[in-house]
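Subject: Structure handover

Hi,

Here is the structure I promised you. My notes on it follow below.

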Amino acid sequence: MSGPVDPPTLHVIVSSQRRGAEVFSQDLVGELTRRGQPNRLVALRAADAEAALPVPVLGRRPLDVATLRALRREVRSTGAPAVVAHGSRTLPACAVSLAATGVPFAYRSIGDPRAWSASGLRRMRTTVAMRRARFVVVLWPGAADAVREHHGVPADRIRVVPNGVDGRRCPPAGDAERQRARQALGLPADAAVVAYAGSLTAEKRVHHAVEAVADVRGLHLLVAGSGPDREALEARAARRAAGRVRFLGALDDVSSVLAAADAVVLTSTTEGMPGILVEAGLRARAVVAYDVGGVGEIVADGETGCLVRSGDVPAFGAAMRRVLADAAAMGAAGRQRCLDRFEIGVVAGPWAELIAEMAPR
C-alpha cells in the first residue's frame, strides 16, 4: 500500500502562451516531476493566440482581483508548500495572493533588471514585491548585481540559475533534414540562410536584421514570429532585400526553421538569457547577436558565434559574414556549450535544491 503523496510545488506563469519563460517553466516542471518531486503548473491568464500550453488558467487578466483570489485558492486546495513565480507579472500576483498565508515563494526574474527597473515608480513597486519573496532567482551574475543595487535584495536571498531548454526536443539536423526544410520553405539548397525567431516588436529591432541581411549579397533571412511590426518589416524587406526575407508567422515549433538555417540572429534592445539562443546552440546552430543582457553567457564570442555592440548594424553584417564562413564548427561548439551549461537536466539540479530549501519535506 502506497503512502500519502506529497503536495506539489506550484509554478505560476503569466499566460498559457508558448513564450520563452512559459516553455521553460513547463520543461522545468516536467524534469522535476521525473525526478520524483511533485510540481504543478498554472497560468494567470489564457494565451492571446492559438499557440497555447496545456495548463490550467486562473483568470482573464494577471492582476484582476478574481485571478488573485483564484491563485490563493489554488495554493490552499493543493496544499502547495512553496510557489515559484516565473516572469514579471507573476511577482506582484504572488506577493499579494500569498500575503499572510505563510507559503514562501521564489521569483524568477527573466529579463535584465537594469533595463526593466529604469523608472522610479516601477523600481519602487518591484522592490516592494521582491522583498516579499523568499528567493529571487536571476539568470546570470550581472543580473544578481543589479537586483542587489536596484532593489536592495540581500545576497543570501539571491540565486543565480541560468536558463535551460530540454535537449531531447532539440537534436541537430542532419543534411537530409536540412535539405527537406529548405525545400519546404522555398529556399535554394546552397544558399546562406540566417533565422530569427521571436516577437515582431520595437524592442526586438528585427529591422536591424533586415538591414544587415540586405547588405550581404545572396543571404536569406527567415523570420518566425508575429507582432505589431510585421507589416512595416515586410515593407522594409521588400525594399531592401526583395525575395530574400520570408515571414513565416507564429509557429508552435521552430525546428524546421533552425534546420534550414546556418545561423540564428538576435538584434534586441534588451534581453535576459534568450531560450531561442539555447535552442539554437543545442541544434548546433551558430549565433550572431547584439551583446545585451545575458546573451554573452550563452554565446562565446568567436567560438560559438559573434557578439556585436548593440545597435551597430554594419558590424552585425560583418559578423554574419564571419560566422557563415565557419558556421559548422561554431555550431558544434555551441551545442557542447549548451549541453554542458543550459540543458534542462543541468539547470533542474539547482532548482530542486532551492525548492527543498524553501519547503523541506
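A question to begin with: is Thr-90 buried or exposed? Thr-90 is buried, because its relative accessible area is 0% and the cut-off for buried is under 20%. Bear in mind that this is a predicted model. Thr-90 lies in helix α3, which covers residues 90-97. Setting aside neighbours within four places in sequence, Thr-90 is in contact with Val-12, Ile-13, Val-14, Leu-44, Ala-85 and Tyr-107.

The largest nonpolar core holds 97 residues. Those that touch the most other members are Leu-71, Val-83, Phe-105, Leu-221, Val-265, Leu-277 and Met-320. Helix α8 (residues 206-214) gives the most to this core, with 6 residues. Take Leu-277 and again leave out neighbours within four places in sequence. Leu-277 is then in contact with Val-264, Leu-266, Val-287, Ala-289, Val-295, Ile-298, Val-299 and Cys-338. Another core lies apart from the largest one. That other core has 17 residues, including Phe-24, Val-84, Trp-351 and Leu-354.

Now a pair of strands.

Strand β8 spans residues 192-197 and is mostly covered, with 5 of its 6 residues buried. Which strand does β8 join, and by how many bridges? The partner is β9 (residues 219-224), the two run parallel, and 6 bridges join them. In this pairing Ala-192 stands opposite Leu-219 of β9.

Leu-121, Met-124 and Val-128 make a nonpolar surface patch of about 290 Å². Val-128 sits in helix α5, residues 120-130. Val-128 counts as partly exposed because its relative accessibility is 47%.

Last, the charged pairs.

How many salt bridges does a search of the whole structure find? The search finds 19.

Arg-168 forms a salt bridge with Glu-31, with the closest N and O atoms 3.9 Å apart. Arg-168 lies in the loop between β7 (158-160) and α7 (175-184), and Glu-31 in helix α1 (residues 20-34), so the pair ties together parts that are 137 residues apart in sequence. As for cover, Arg-168 is exposed, at 55% relative accessibility. Glu-31 is buried, with a relative accessible area of 12%.

Arg-240 and Asp-215 also meet through their side chains in a salt bridge, at 3.2 Å from N to O. This pair links distant parts of the chain, 25 residues apart. Arg-240 is in helix α9 (residues 230-240), while Asp-215 is in the loop between α8 and β9. Arg-240 is partly exposed at 33% relative accessibility, and Asp-215 is partly exposed at 48%.

Arg-61 counts as partly exposed at 45% relative accessibility. Asp-64 is partly exposed too, with a relative accessible area of 23%.

Best wishes

Key
Residues numbered from 1 in each chain as written. Predicted model: local features only at pLDDT ≥ 70, side-chain atom pairs only at ≥ 80, totals over all residues. Heavy atoms only, no water. Core = buried A, V, L, I, M, F, W, Y, C linked by side-chain atoms within 4.5 Å. Buried < 20%, exposed > 50% of the residue type's maximum accessible area, 1.4 Å probe, protein only. Helix = DSSP H or I, 4+ residues; strand = E, 2+ residues; numbered from the N terminus. Contact = heavy atoms within 4.5 Å. Patch = residues over 30% accessible without salt bridge, like charges linked within 9 Å, V, L, I, M, F, W, Y side chains within 5 Å. Areas by Shrake-Rupley, 256 points an atom, 1.4 Å probe, with all protein chains shown as cover. Salt bridge = Lys/Arg side-chain N within 4 Å of Asp/Glu carboxyl O. Pairing = 2+ DSSP bridges.
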